[in-house]
Amino acid sequence: VKLISDAGYQGEITSVSTACHQIEVFSRVLRTSITSLLEGGEEAVKKNLPEFTKMVCHGEHTYLYSQVLMHILANEPRGGSNIRRLCQELQNGAKDRGLDVTPITLALSGAAAYPRACSALSSMLSRHALNPADISILFNMYSEMNPPPVDLIRVPAFLDLLIEALFRPTSRINPEHKAKYVYVLAYAASVVETYKKGVRKNIDRGELKPTTQALERVQVLCAENKSSSELIADVSTLFLNIKFPVIAFGVLKWVDYTVTDTSYFKLNTDHTPLHLVLIDEIVTNHHLLHLKALELLVKLFESQFEELDVLVRLELKKTVLDRMVHLFSRGFVLPVVTYVKNCVDKPDTDISLVRHFVTEILDIIAPPYTPEFVHLFLPLIENKAITGSIRTDDGSDPVSEFIGNIQGLRDCQN
Amino acid sequence: MATGDTALWLHNKLGSTDDLWSGKTICAQLSQQKLQSIHQCFHALQPHVKVKLMLSFLHIHRRNVEQWRMDMEEILLMAIHDSDQWVSMVGEILRPFPSTGSLNLDLIDNNATFTEILADLNKVVKKAASVRMLPMECQFLNKTAFTAVAGTQPAPVKHFALKRKPKSAILRAELLQKSSEVASNKKNN
């Protein structure tokens with residue numbers, strides 16, 4: 001194996017335990033994997049992450065070594081944030097495998113310089129659960145004049161726990177302590193620190209108060225467990241405060257829990273329930289939440305809704321597709337079209353739903369189109385089962401118009 | 001406990017090569033005396049047992065780490081000079097852990113492969129800077145905090161022109177209208 005590695009054929013070493021046996025071989029395989037993940041971006045990460053996680057998590061020593069190496073690389077000002085993301089994906093992957101990586105995460109984060117904060121975070125992260133005593137410690141420390149660095153609490157797994165505690169409908173936080181949860185989350189979301197040569201020069205808390213107040217307002221609305229009709233009067237409050245990314249994240253989580261409850265659509269008779277319009281609003285305001293929104297819409301689209309009448313079910317799926325059209329119109333183009341395109345190949349997809357999607361898309365788009373979009377969308381357009389019935393003989397329909405518009409682009413490609 | 005017994009105990013606890021994450025299972029049974037005994041037999045342990053033993057240090061309560069610091073450091077020092085490269089690397093990474101709780105990130109002088117890989121990857125990282133995979137916490141951050149962390153983001157690719165807004169726009173307007181009606185009714189009542 002060492003000889004294969006020395007000759008430069010890292011890609012040939014496929015057995016994880018073989019690769020991990022010698023540190024030299026492991027290092028080279030790691031180099032090859034990280035390089036291909038970085039060069040391939042989000043798509044490569046999505047595709048190759050499971051295999052990469054499997055290799056890195058082979059043992060606690062391989063995990064430690066990989067995280068140390070990547071932590072050093074993440075400090076590189078140019079491009080380091082890409083590596084930071086990979087480190088986090090690995091942390092999540094390890095957590096999903098039931099491995100306790102919290103001590104390594106915290107030892108690398110510099111938390112050791114703040115032993116009380118470190119021990120509070122460590123106990124919550126290891127147990128995957130928050131508790132009032134540890135939150136109080138963090139609340140007190142971050143309320144002082146000279147708090148620990150904000151990065152310490154900007155740990156995605158910790159922020160997720162806070163969001164869950166505040167926005168999961170069944171979550172019960174002791175009212176006495178709730179303000180502390182809100183404060184710590186708002187602090188992580190809003191405070192900006194300025195460093196010069198590694199020394200903190202300034203802490204800007206300007207947005208802390210408005211973020212805390214907005215979080216409190218929305219959290220109360222979500223926790224009251226109101227029905228859609230009762231919430232109607234609060235729509236403008238929700239719309240206004242959803243502009244804070246952390247609130248949008250929480251509301252999306254809350255919407256997720258609410259609409260995936262089996263009784264939700266049975267009890268809701270509005271054509272487009274309020275909660276789904278909230279998804280649109282989040283999508284409009286936050287590009288970074290587009291993927292999360294699509295994941296939720298896909299989950300809804302693929303739900304069986306067996307308790308609903310067939311026609312009601314079909315209408316509901318159209319409503320969900322309309323949300324996807326909205327997501328598409330706000331710039332999440334290729335992932336949405338890719339999803340619908342893949343649906344066509346699934347045996348249980350009602351083709352009239354795909355037709356609905358295509359019609360709605362054609363209704364809002366105009367040239368110039370990018371080749372990537374045309375390449376993805378054209379198979380839907382050219383599929384007679386989908387568009388045959390919406391075409392007219394004289395070619396004045398939107399389908400023919402689209403084909404006419406892209407003729408130039410196709411000629412260029414040929 | 002005699003040195004031989006300690007070695008046997010460690011072998012029984014950490015000897016399996018199937019589970020390479022089992023270091024933490026011995027934490028509850030470690031003591032200062034035990035660490036001293038381990039120090040005596042460390043050289044005779046199998047490499048993967050040595051590695052797992054050191055990794056157990058990460059899971060020990062901080063208060064105990066402070067009390068047993070010297071004993072842990074002696075074991076790590078032996079590991080750093082071990083002929084097995086994984087053992088010496090893990091020892092090197094954990095060297096500052098007993099005294100500071102942090103890890104050694106200054107490994108360049110100690111390991112040629114590490115230095116080579118790090119230098120290569122550094123170039124790759126810089127070259128791939130335009131890929132822009134954002135760290136996960138960015139989803140939570142207010143705009144100012146986000147820009148401070150991730151810089152200005154490039155405008156997304158425009159795949160088409162929008163000739164009219166989708167139906168969602170009408171729905172939004174209707175909902176806001178309904179909302180203000182309900183709100184004003186509430187006020188009047």
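This briefing describes selected features of the structure shown above, grouped by topic. The structure is a predicted model, in which local features need pLDDT of at least 70, side-chain atom pairs count only at pLDDT 80 or more, and totals for chains, interfaces and linings use all residues. Residues are numbered from 1 along each chain as its sequence is written, chains are lettered from A and ligands numbered from 1 in the order in which they are written, and side-chain values use heavy atoms, with hydrogens and water left out. Helices (H or I, at least four residues) and strands (E, at least two) are DSSP runs, numbered from the N terminus.

**Nonpolar cores**

- A nonpolar core is a set of buried Ala, Val, Leu, Ile, Met, Phe, Trp, Tyr and Cys residues joined through side-chain atoms within 4.5 Å; buried means under 20% relative accessible area, exposed over 50%, and partly exposed in between (1.4 Å probe, protein chains only).
- The largest nonpolar core contains 117 residues, and those with the most contacts inside it are A:Phe158, A:Val251, A:Met324, A:Ile365 and A:Phe377.
- A second, separate core has 77 residues, among them A:Leu37, A:Leu99, A:Ala107 and B:Phe114.
- In soluble globular proteins, nonpolar side chains tend to be buried together.

**Helices**

- The buried residues of α5(B) are B:Asp71, B:Met72, B:Ile75, B:Leu76, B:Ala79 and B:Ile80, and their cover includes α2 (32-41), α3 (47-56), α4 (62-67), α6 (85-94) and α7 (97-100) of chain B.
- Helix α10 of chain A (residues 175-190) reaches 23 Å from its first C-alpha to its last, close to the 22 Å expected.
- Twelve of the 16 residues of α10(A) are buried, so the helix is mostly covered; A:His177, A:Lys180 and A:Tyr181 are among the buried ones.
- A:Thr258 lies in helix α14 (residues 245-259) of chain A and is buried, with a relative accessible area of 17%.
- Not counting residues up to four places away in sequence, A:Thr258 touches A:Pro169, A:Tyr264 and A:His275; contact means heavy atoms within 4.5 Å.

**Strands and the hairpin**

- Strands β1 (residues 192-196) and β2 (residues 199-204) of chain A run antiparallel and are joined by five bridges; two strands pair if DSSP finds at least two bridges between them.
- A:Lys196 has A:Val199 in β2(A) as its bridge partner, and two residues stand between the strands of this hairpin.
- A:Lys197, in the loop between β1 and β2 of chain A, has a positive phi of about 50° although it is not a glycine, and it counts as exposed at 86% relative accessibility.

**Other loop features**

- B:Arg132, in the loop between α8 (112-127) and α9 (143-150) of chain B, is not a glycine but has a positive phi of about 55°; at 35% relative accessibility, B:Arg132 counts as partly exposed.
- A cis peptide bond, with omega of about 5°, joins A:Pro367 and A:Pro368.
- A:Pro368 is in the loop between β3 (365-366) and α21 (371-382) of chain A.

Methods: Expected span 1.5 Å × (residues − 1).
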